[in-house]
Amino acid sequence: MMRSCLYSGSVMHARLRPKQHRFSYRFTSWFIDLDELQQLDRTLFGFGYNRAGLFSFHERDFGPGQSD
């Protein structure tokens, strides 16, 4: 069973002063189990693991925070 999933919802903000203002927007957030990256790459359309895709995860973008 895969643990990775998508969460979707909406965020709303309202201000009453000095002028009334309100907005809301929809969002989607990924929960990716790092142990499943290779499986997601093979099975999820548009997902790329260390390669180009509609949605990509590249290991080089994450790490100890030290430059080469």
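User: Before we start, what makes two strands count as paired here?

Analyst: Two strands pair if DSSP finds at least two bridges between them. This is a predicted model, so that rule is applied to predicted coordinates. The cut-off, then, is at least two bridges.

User: How many bridges join β1 to β2?

Analyst: Strand β1 covers residues 5-15 and strand β2 covers residues 21-31. They run antiparallel, and a hairpin through 5 residues joins them. The number of bridges joining the two strands is 11.

User: Is N50 buried, partly exposed or exposed?

Analyst: N50 lies in the loop between β3 and β4, and its phi is near 60°, a positive value in a residue other than glycine. Buried would need under 20% relative accessible area and exposed over 50%. N50 comes out at 37%, so it's partly exposed.

User: Where in the chain is confidence lowest, and where is it highest?

Analyst: Across the chain, pLDDT averages 93, and 94% of the residues score at least 70. Confidence is lowest in strand β4 (residues 55-57), with a mean of 94. It is highest in strand β3 (residues 47-49), at 97.

Terms used
Residues numbered from 1 in each chain as written. Predicted model: local features only at pLDDT ≥ 70, side-chain atom pairs only at ≥ 80, totals over all residues. Heavy atoms only, no water. Helix = DSSP H or I, 4+ residues; strand = E, 2+ residues; numbered from the N terminus. pLDDT = per-residue confidence, 0-100. Buried < 20%, exposed > 50% of the residue type's maximum accessible area, 1.4 Å probe, protein only.
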